[in-house]
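Please open the model in a viewer and keep the selection panel at hand.

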Amino acid sequence: MKAKAAPPGQLESLLGSLLHYGTLAASGIIAVGLALSVFSSPLGAGIAAAGIALFILLPALRVAVMLLFFLHAGDYRYGAIAALVLLIISVSFFIGTR
Amino acid sequence: MQIGIELWLFAVALGTSMLGGVLGMASGIFIVPVLTMFGRIDMHTAVGASLISVIACSCASAAPFLKGLTNIRLAILLETATTSGALCGVFLAGWIPTRYLFLLFAFILLLSAQQMLVRRKDRDDSSSVQRLPLAMTLMYGAGLISALLGIGSGVLKIPAMDTALRLPIKVSSATSNFMIGVTAAAGAAAYFARGEIITSVAAPVALGSVVGAVLGARILMNVPDQRLRLMFVVILGLLAAQMLLAAFGINSIGPRF
C-alpha cells in the first residue's frame with residue numbers, strides 16, 4: 001500500500017482544531033470546578049482536577065492524532081517517531097505512579 | 001477554598017502568560033519565581049502548576065501558528081529528544097535540593113535576559129536541518145530543564161533551532177511553541193501521578209494562563225520594541241537576583257531553606 005496523498009495542510013488544521021477545542025473544553029471544566037469550589041461544593045476540586053488532567057492529556061492526544069495520520073498516510077518512519085514520543089510520555093506517567 | 005488566593009493566582013497567571021505571549025516566551029519563567037518568592041508556595045507545587053500553565057499557553061496559542069509556520073515533522077522528531085530530557089528531569093527533580101533548583105533558575109533567568117538583549121537575526125543560510133545531532137542534544141537539555149524548573153525552555157529551544165538548524169525566526173518560534181506543550185506534558189504527567197499538581201493552585205493558574213495567552217496573542221505577534229525589551233531585561237535580572245539571594249539564604253521576601 002503506497003502513501004495516500006493527503007491534501008496539504010490537512011494535518012495542520014486537524015491539530016489546530018484539536019488544540020483549540022481541547023483548550024476550550026479543559027478551561028471550561030476547570031472554570032466549572034472553580035465556580036463550584038467558590039460556593040464550597042465538595043464536587044468542585046474533583047471537577048477542576050479533571051480539567052487539569054485533560055490539559056496534560058491534550059498534547060499526548062495531539063501526538064496520537066499525528067501517529068494515526070502518519071500511519072494512514074503510509075509514512076511509517078514518522079509513525080514510529082510519534083509512537084516513541086507517546087511511549088516516553090506514558091513512561092513518565094508510570095514513573096510518577098510508583 | 002480561599003477566594004483571595006485563587007484570584008491572586010489567576011491574576012499572576014494571566015499577567016505572566018500575557019507577557020509571555022507578547023515576548024514570545026513561555027509563562028513559566030515568570031510564574032515559578034512569583035509563586036515561590038511572593039506566594040511562598042513550595043517549589044515542587046509551583047513547578048507543577050507552572051507546567052500546566054505552559055501546556056495551556058502552548059495549546060491555546062498553537063492554532064494560528066499551525067497555518068503555515070509550524071514545521072510539524074521537525075517538531076515531532078525533536079520531541080523525541082525533549083520528552084527524553086523531561087523524563088530525566090522528572091527523575092532528578094526528586095533528588096536535587098530546592099536551593100540548587102533556585103540557583104539553576106537564576107541562571108536560566110539571566111540567560112533569558114541576555115537573549116532578550118541580543119536581537120535575533122535571520123541568517124541567509126537556507127540549508128536547513130543540518131547539524132541535527134547538536135539540535136537533538138540541545139533539545140534534550142531543554143526538556144530536562146523544562147521538567148526540572150517548570151518552564152517551557154523556549155530559551156534553549158529557539159537558539160537550538162536558530163543556530164543549530166538555521167531555521168527562520170518565525171518558523172523556529174512557532175515550532176518551539178508547538179513543542180513546548182508536549183515537553184511540558186511529559187514532565188507534568190509524572191508530577192500529576194505523584195500528586196504534586198495541587199488542584200487549588202494549578203486550576204486558577206491554568207485558567208489565567210489561557211486568558212492571558214489569548215490576550216497576549218491579540219496584543220501583538222511581533223517582536224516588541226527596544227524599550228519594552230529593556231524593561232523585561234530589568235525584570236528578569238531582578239527576579240534572578242531575588243532567586244540567587246534566596247538560594248544563599250540572604251533574602252527578605254522569599255522562602256528560607
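**Chain B as a whole**

The model is a predicted one. Begin by selecting chain B and colouring it by secondary structure: ten helices and zero strands are assigned. From the N terminus on, the order of elements is accordingly α-α-α-α-α-α-α-α-α-α. Of the 257 residues in chain B, 58% count as buried.

Next, select α1 of chain B, residues 3-23, together with α2 of chain B, residues 28-38. Two packed helices are described by the angle between their axes and the distance between the axes. Here the axes of α1(B) and α2(B) come within 8 Å and cross at roughly 150°. Angles over 145 degrees count as roughly antiparallel, and α1(B) and α2(B) are therefore roughly antiparallel to each other. Their crossing is right-handed.

To view the contact itself, display V12(B), A13(B), T16(B), L19(B) and G20(B) on α1(B), and F30(B), I31(B) and V34(B) on α2(B). By class, the residues of this contact comprise six nonpolar, two polar and no charged.

**The side of chain B that touches chain A**

Now show both chains. In the interface, 42 residues of chain B are in contact with 41 residues of chain A. Helices to highlight on the chain B side are α1, α3, α4 (72-93), α8 (169-193) and α9 (199-219), each of which supplies at least two residues. Which helix of chain B gives the most to this side? The answer is α4(B), with eleven residues. Colouring by residue class separates the side of chain B that touches chain A into 32 nonpolar, five polar and five charged residues.

**The largest nonpolar core**

Finally, turn to the largest nonpolar core, which has 120 residues. The members that touch the most other members are I52(A), I52(B), I55(B), A188(B) and A206(B). Helix α3 of chain B, residues 43-66, contributes the largest share of this core, 15 residues.

Centre the view on I52(B). Leaving aside residues up to four places away in sequence, what does I52(B) touch? Across in chain A, the partners are I52(A) and F55(A). Within chain B, the partners are A188(B), I197(B), A202(B), V205(B) and A206(B).

Notes:
Residues are numbered from 1 along each chain as its sequence is written. Chains are lettered from A and ligands numbered from 1 in the order in which they are written. This is a predicted model: local features need pLDDT of at least 70, side-chain atom pairs count only at pLDDT 80 or more; totals for chains, interfaces and linings use all residues. A nonpolar core is a set of buried Ala, Val, Leu, Ile, Met, Phe, Trp, Tyr and Cys residues joined through C-beta atoms within 7 Å. A residue is buried if 20 or more other C-beta atoms lie within 10 Å of its own, exposed if 12 or fewer, and partly exposed in between; C-beta atoms are placed from the backbone. Helices (H or I, at least four residues) and strands (E, at least two) are DSSP runs, numbered from the N terminus. Two residues are in contact if their C-beta atoms, placed from the backbone, lie within 7 Å. Ala, Val, Leu, Ile, Met, Phe, Trp, Tyr, Cys and Pro count as nonpolar, Asp, Glu, Lys and Arg as charged, and the others, Gly among them, as polar. Axes are lines fitted to C-alpha atoms, for helices over the stretch in contact, and angles run from 0 to 180 degrees between N-to-C directions. Angles under 35 degrees count as roughly parallel, over 145 as roughly antiparallel, 65 to 115 as roughly perpendicular and the rest as oblique. A crossing is left-handed if the near helix is turned anticlockwise from the far one by less than a right angle, and right-handed if clockwise.
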